[in-house]
Amino acid sequence: MNSNTLWLIGRRLGAAIVTLLIVSMVVFAITAVLPGDAAQQSLGQFATPEQVAALRVKMGLDQPGVLRYLHWLTSLLSGDLGVSVSNAVPVTELMAGRVPSTLMLAAATALVSVPLALILGIGSAMGRGGRIDGFMSFFTLMMVAVPEFLVATLAVLIFAVNLGWLSALSYSSEITSPLQFMRTYALPVMTLCCVIVAQMARMTRAAVIDQLDSPYVEMARLKGVSPVRVVLRHALPNAIGPIANAIALSLSYLLGGVVIVETIFNYPGIASLMVDAVTNRDMALVQACTMLFCTAYLTLVLIADLCAILSNPRLRNQ
Amino acid sequence: MNNPIVKPPTAAVALALGKDAHGSSWLGLVGAALCATWLLVAIFGPWLAPHPVGEVVSDTVFGSLSAAYPLGTDYLGRDMLSRILVGAQFTVGLALIAAVLSSGLGTSCALLSVVSPKWLDELISRLMDAFISIPSKMLALIMVSAFGSSVTLLVCTAVLSYTPGAFRIARSMAVNIEALEYVQVARTRGERRLYIACVEILPNMLNPVLADLGLRFGFIVLLLSGMSFLGLGVQPPDADLGSLVRENIGGLNQGAPAIVIPALAIGTLTIGVNLFIDRLSSRRSRRTGGH
């Protein structure tokens, strides 16, 4: 770690904060400034102009957009996310109940998908051009292309309806035994894994192949090192950076998938809370959930970039 | 796989040869066929539909496949085949409009930013970077929560979330082309910026831009049908393929075709597009000798 690397990391962190600020501006502009008069909307079209004006003052809508944004941002940073309109409960309270279940789902998915994707990706890179590789590349291409709800529907049909191993679309909050945990999480995790494993395996394969094409691997191969040893001892240590980058990027696809999966399986997580909020046009809740998701997304992309910076030997050795 | 070929090169052999040499040429054909089928269904579907789209034609709800109703019936007893033939119009049509718009806008902005002064380039790039860091589904959700769902809004949202990606790819290509000698020559010759962008740069990046348009089309199909699946996309009485999955979700426990078939329809469309594009781009990279 030298000053050059530190400078790069510092600059990347700074850029992440600036991006997050811009994202918050866009989110606020779309949800609070553009849609017109929230006071008029909440009172309905029969309200008198005096009533609307009074509510505008009460909601702070008479102030210019920039001031409202700054006010919103400071209260967001101090942890005050406002009150949900549809059920008059503080947004923080609503979200606190839901965040752990979504994190649980994400953690279970990551735990299953990362090792699986690494094995598939490295395996198909080793047998490049062969039958297994061809099948893998076809399979992952299909998986990247299909919508999550197709995977979910087929999984429910096969495992719940035809085989009867798991119960479909039911969620019990009481998890007492590991078996019950498996039964509850198997279908959502399987659905999320399909798409993410495909992404991650493709990127891992590309990263390993990139190393296998380099002269030092050819040298190792020419001096008679066995193929397994070439991959595990020579190529893999150099591919760790790109692979970590691939893992972080693929996990950010979780954010889109989780919205569909939580809805189809009736899973009480933060994404289904957000979908409900959008349906009810509960703005404070929508803003808070969006900022949470965008922060998570940017963090994953940041981690991916940091992995790429830290693993670049040209930066390490300068 | 360099087996000597002794048979005369008929079409079938050429196909098999292509498969051996490059792995999957027939997959590209399958992809192209799927794309063409769905395009035809989107154009002619409404005329082919055997029943009016909203008409309850059967007493059986979630009916299975039968001669009278080839794809079964939905949760109200409407003919699924007619509903899919009509619904494909929305899925394919809206996604195609959005894909063409976002690719066109992204490419124009890329060309503009390459031939314009540094500050304008920087401004456009930063603006695009800001939009790329909002996941497309999140952007779609907040747009719908703010403005309510409509067909126009869905197209706008898709354009907004997929233009930055198209811009990035087009810009990176345009920057490379702009550094080539013939563009420098054109500049020295005193050609105008518009001429350099449209006559010198654009034709040389058209193929990758079109391939990118295809990929973007696939992503937009997934985004729009995902939104419809959540009940936030195309609103009743109209229904795209995603809405068909949503409205028949009650048939999941019985394994009704009414829910499986629209989901499969979306799957075949996006898989077809991806196979086709994958094939095209791998053939191009071989032709140019790249990896």
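1. **Ground rules.** Residues are numbered from 1 along each chain as its sequence is written, while chains are lettered from A and ligands numbered from 1 in the order in which they are written. Because this is a predicted model, local features need pLDDT of at least 70 and side-chain atom pairs count only at pLDDT 80 or more, whereas totals for chains, interfaces and linings use all residues.

2. **Confidence.** The model scores ipTM 0.81 and pTM 0.83. The term pLDDT is the predictor's confidence in each residue, from 0 to 100. Chain B has a mean pLDDT of 81, and 89% of its residues reach 70 or more. Within chain B, helix α3 (residues 80-115) has the highest confidence, at 90. Helix α1 (residues 11-22) of chain B has the lowest, at a mean of 38.

3. **A stretch to treat with care.** Over residues 1-23 of chain B, pLDDT stays under 50. The model has 12 contacts beyond four places in sequence for this stretch. Two residues are in contact if their C-beta atoms, placed from the backbone, lie within 7 Å. Where pLDDT is low, the predicted coordinates should not be read in detail.

4. **Chain A overall.** Chain A has 14 helices and zero strands. Helices (H or I, at least four residues) and strands (E, at least two) are DSSP runs, numbered from the N terminus. Of the 318 residues of chain A, 34% count as buried. A residue is buried if 20 or more other C-beta atoms lie within 10 Å of its own, exposed if 12 or fewer, and partly exposed in between; C-beta atoms are placed from the backbone. Take the contacts in chain A between residues at least 6 apart in sequence: 73% join residues at least 24 apart.

5. **Chain B overall.** Chain B has 11 helices and zero strands. It has 291 residues, and 46% of them count as buried. Among its contacts with a separation of 6 or more, 67% come from residues 24 or more positions apart.

6. An unreviewed UniProt entry places the feature "transmembrane region" at residues 12-34, 103-126, 138-165, 185-201, 243-265 and 285-310 of chain A. UniProt positions are given in the numbering used here, feature names are shortened, and annotations may be inferred rather than shown by experiment. In the model, residues 103-126 of chain A are 100% helix and 0% strand, with end C-alpha atoms 34 Å apart. Residues 138-165 of chain A are 82% helix and 0% strand, and their end C-alpha atoms are 29 Å apart.

7. **One helix pair across the contact.** The axes of α13(A) and helix α5 (residues 136-147) of chain B come within 11 Å and cross at roughly 170°. Axes are lines fitted to C-alpha atoms, for helices over the stretch in contact, and angles run from 0 to 180 degrees between N-to-C directions. The two helices are therefore roughly antiparallel to each other. Angles under 35 degrees count as roughly parallel, over 145 as roughly antiparallel, 65 to 115 as roughly perpendicular and the rest as oblique. A:M283, A:V286, A:T290, A:F293 and A:C294 meet B:M138, B:I142 and B:S145.

8. **Two buried residues.** B:F229 lies in helix α9 of chain B and is buried, with 29 other C-beta atoms within 10 Å. Beyond its neighbours within four places in sequence, B:F229 is in contact with A:F149, A:I260, B:G242, B:V245 and B:R246. A:A152 sits in helix α7 of chain A and is buried, with 28 other C-beta atoms within 10 Å. Residues up to four places away aside, A:A152 touches A:T191, A:V261 and A:I264.

9. **Two backbone details.** Most residues other than glycine have a negative phi, and most peptide bonds are trans. A:N266 is not a glycine, yet has a positive phi of about 60°. A:N266 is in the loop between α11 and α12 of chain A and counts as exposed, with 12 C-beta neighbours inside 10 Å. A cis peptide bond joins B:P236 and B:P237, with omega about 10°. B:P237 is in the loop between α9 (206-229) and α10 (241-247) of chain B.
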